[in-house]
Amino acid sequence: MSKISMPRPRYIAFRIAAAAPLPRRAVGNALRAASTGWPEDKAPKLTRYEWPHGIVRVEHTEQAAARKLLAALTAMDGAAVKVETLSASGTLKALTERIGVLTKRTD
């Protein structure tokens, strides 16, 4: 009997350093543009965002690649940025409690 692996979500929290606050749309657009080579169902999805913090959701098998993608983002909406990954978890509740931000959906 073969074991079928069910997709498990991983939520990755990040912080953006930039000269000025960026809107959610700019962050989402940058993520979509950077993940054009990914299969659509596996690409990171912006789940929560409130300047300067955000959370993306990916399958557990894509966590390392998603962290690399976030670290490689250097521009959003024409502005230079640096993205730092803070933590990751299998649930939003555990992640937001650990990092102390984005505990409630704001969008």
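**Exercise 1. Is Ser87 buried or exposed?**

*Solution.* The model is predicted: local features need pLDDT of at least 70, side-chain atom pairs count only at pLDDT 80 or more, and totals for chains, interfaces and linings use all residues. Residues are numbered from 1 along each chain as its sequence is written, and side-chain values use heavy atoms, with hydrogens and water left out.

Step 1. Recall the classes: buried means under 20% relative accessible area, exposed means over 50%, and partly exposed lies in between (1.4 Å probe, protein chains only).

Step 2. Ser87 has a relative accessible area of 12%, so Ser87 is buried.

Step 3. Locate the residue: Ser87 is found in strand E5. Helices (H or I, at least four residues) and strands (E, at least two) are DSSP runs, numbered from the N terminus.

Step 4. List the surroundings. Apart from residues up to four places away in sequence, Ser87 touches Tyr11, Ile12, Ala13, Arg67, Leu95, Arg98 and Ile99; contact means heavy atoms within 4.5 Å. With Arg98, the side chain of Ser87 also makes a polar contact of 2.8 Å. A polar contact is a pair of N or O atoms within 3.5 Å; within protein, one must be able to donate a hydrogen and the other to accept it, and residues adjacent in sequence count only if both atoms are side-chain atoms.

**Exercise 2. Describe the overall fold of the protein chain.**

*Solution.* Step 1. Count the elements: the protein chain has three helices and five strands.

Step 1. Read them along the sequence, which gives the pattern β-α-β-β-α-β-β-α.

Step 2. Of the 107 residues, 39% count as buried.

**Exercise 3. In what order do the strands of the sheet stand?**

*Solution.* Step 1. Two strands count as paired if DSSP finds at least two bridges between them.

Step 1. The five strands form an open sheet in the order E2-E3-E1-E5-E4, with antiparallel pairing.

Step 2. Identify the edges. E2 and E4 each have a single partner strand, so one side of each is left without a neighbour in the sheet.

Step 3. For Tyr11, the bridge partner in E3 is Arg57.

Step 4. H2 lies across E1, E3 and E5, at about 155° to E5, while H3 lies across E1, E2, E3 and E5, at about 115° to E5. Axes are lines fitted to C-alpha atoms, for helices over the stretch in contact, and angles run from 0 to 180 degrees between N-to-C directions.

**Exercise 4. Which residues of the largest nonpolar core touch the most other members?**

*Solution.* Step 1. A nonpolar core is a set of buried Ala, Val, Leu, Ile, Met, Phe, Trp, Tyr and Cys residues joined through side-chain atoms within 4.5 Å.

Step 1. The largest such core has 21 residues, and Phe14, Ile16, Val27, Leu31, Leu70, Met76 and Val83 touch the most other members.

Step 2. Two or more residues of this core come from each of E1 (9-18), H1 (24-34), E2 (45-50), E3 (53-59), H2 (63-72) and E5 (79-89).

Step 3. A second, separate core of six residues includes Ala13, Ile55, Leu92 and Leu95.

Step 4. Consider H1: its buried residues are Ala26, Val27, Gly28, Ala30 and Leu31. They pack against E1, E2, E3, H2 and E4.
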